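Visitor: I would like to learn how to read this model, feature by feature. Where shall we begin?

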Amino acid sequence: MKNDIKKMIKVAEKLDWSVNVRENEFTFEKFSPAGQDFILSITADNLEEAIEKIQNRCNGFDCSEEAYLWLDNTGHGKNGAPYDMKDLYEDMESCLEMMEELHDELEKIN
């Protein structure tokens with residue numbers, strides 16, 4: 001495994017992400033503050049590409065849309081998501097912040 005990829009994994013693990021690597025596929029997994037299992041999956045050949053993919057994921061992450069996916073037909077959380085819509089939305093904001101923190105820390109080693 002390339003040295004920059006090893007560094008990326010080490011940085012992610014310091015931020016409490018669990019990292020699974022299969023060839024050039026990376027799965028970052030971490031629990032949100034509300035206890036949801038949040039997963040970020042990317043395909044990258046090197047650190048620079050991984051950073052770019054994570055940035056793209058952050059840019060495209062819509063907290064409202066993500067929260068909506070976890071709401072039932074009455075507007076409450078389902079499948080272990082926070083019951084209150086406001087709490088669920090705030091948890092999605094936290095997930096975005098977790099991804100941004102990972103991106104920012106990886107930028108430092110690039």
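Visitor: Start with a single residue. Is Asn3 buried or exposed?

Guide: Relative accessible area decides it, and the cut-off for exposed is over 50%. Asn3 has 52%, so Asn3 is exposed. Asn3 sits in helix H1. Keep in mind that this is a predicted model.

Visitor: How far apart are Asn3 and Asn46 in space?

Guide: Check sequence distance and spatial distance side by side. Asn3 and Asn46 are 43 residues apart in sequence. In space their C-alpha atoms are 9.6 Å apart.

Visitor: Now the fold. How many helices and strands does the chain have?

Guide: Count the elements, then read their order. The chain has four helices and three strands. Along the sequence they follow the pattern α-β-β-β-α-α-α.

Visitor: What box do the C-alpha atoms of the chain fill?

Guide: Take the box along the principal axes. Here it is roughly 50 × 20 × 20 Å.

Visitor: What share of the residues counts as buried?

Guide: The chain has 110 residues, and 38% of them count as buried. Of the contacts with a separation of 6 or more, 47% come from residues 24 or more positions apart.

Visitor: Next, the core. Which residues have the most contacts inside the largest nonpolar core?

Guide: The general idea comes before the case. In soluble globular proteins, nonpolar side chains tend to be buried together. In this model the largest nonpolar core has 32 residues. Trp17, Phe28 and Leu102 have the most contacts inside that core.

Visitor: Which elements give two or more residues to this core?

Guide: Helices H1 (3–14), H2 (47–60), H3 (63–69) and H4 (85–109) do, together with strands E2 (25–31) and E3 (37–43). H4 gives the most, with eight residues.

Visitor: Take Leu102. What does Leu102 touch, leaving out residues up to four places away in sequence?

Guide: Leu102 touches Ala12, Leu15, Trp17, Phe28, Leu40 and Ile54. Trp17 and Phe28 are again residues with the most contacts inside the core.

Visitor: Now helix packing. At what angle do H2 and H4 pack?

Guide: Read the angle together with the axis distance. H2 and H4 pack at about 155°, with their axes 9 Å apart. The cut-off for roughly antiparallel is over 145 degrees. H2 and H4 are therefore roughly antiparallel to each other. Their crossing is left-handed.

Visitor: Which residues make the contact of H2 with H4?

Guide: H2 supplies Leu47, Ile51, Ile54, Gln55, Arg57 and Cys58. H4 supplies Leu96, Met99, Glu100, Leu102, His103, Leu106, Glu107 and Ile109. By class, the residues of this contact are nine nonpolar, two polar and three charged.

Visitor: His103 is in that list. Is His103 buried or exposed?

Guide: His103 lies in helix H4. At 8% relative accessibility, His103 counts as buried. Leaving out residues up to four places away in sequence, His103 touches Ile51, Ile54 and Gln55.

Visitor: Compare another pair. How do H1 and H4 pack?

Guide: Their angle is about 140°, with axes 10 Å apart. That makes H1 oblique to H4. The crossing of H1 and H4 is right-handed.

Visitor: Which residues make the contact of H1 with H4?

Guide: Lys7, Met8, Val11 and Ala12 contribute from H1. Leu102, Glu105, Leu106 and Ile109 contribute from H4. The residues of this contact divide into six nonpolar, no polar and two charged.

Visitor: Turn to Glu66. Is Glu66 buried or exposed?

Guide: Glu66 is buried, since its relative accessible area is 17% and the cut-off for buried is under 20%. Glu66 is found in helix H3. Beyond residues up to four places away in sequence, Glu66 touches Arg57, Phe61 and Met92.

Visitor: Finally, a loop. Where is His76?

Guide: His76 is in the loop between H3 and H4. At 23% relative accessibility, His76 counts as partly exposed. Not counting residues up to four places away in sequence, His76 touches Trp70, Leu71 and Tyr83. His76 and Phe26 are 50 residues apart along the chain, and their C-alpha atoms are separated by 32 Å.

Terms used
Residues are numbered from 1 along each chain as its sequence is written. This is a predicted model: local features need pLDDT of at least 70, side-chain atom pairs count only at pLDDT 80 or more; totals for chains, interfaces and linings use all residues. Side-chain values use heavy atoms; hydrogens and water are left out. A nonpolar core is a set of buried Ala, Val, Leu, Ile, Met, Phe, Trp, Tyr and Cys residues joined through side-chain atoms within 4.5 Å. Buried means under 20% relative accessible area, exposed over 50%, partly exposed in between (1.4 Å probe, protein chains only). Contact means heavy atoms within 4.5 Å. Axes are lines fitted to C-alpha atoms, for helices over the stretch in contact, and angles run from 0 to 180 degrees between N-to-C directions. Angles under 35 degrees count as roughly parallel, over 145 as roughly antiparallel, 65 to 115 as roughly perpendicular and the rest as oblique. A crossing is left-handed if the near helix is turned anticlockwise from the far one by less than a right angle, and right-handed if clockwise. Ala, Val, Leu, Ile, Met, Phe, Trp, Tyr, Cys and Pro count as nonpolar, Asp, Glu, Lys and Arg as charged, and the others, Gly among them, as polar.
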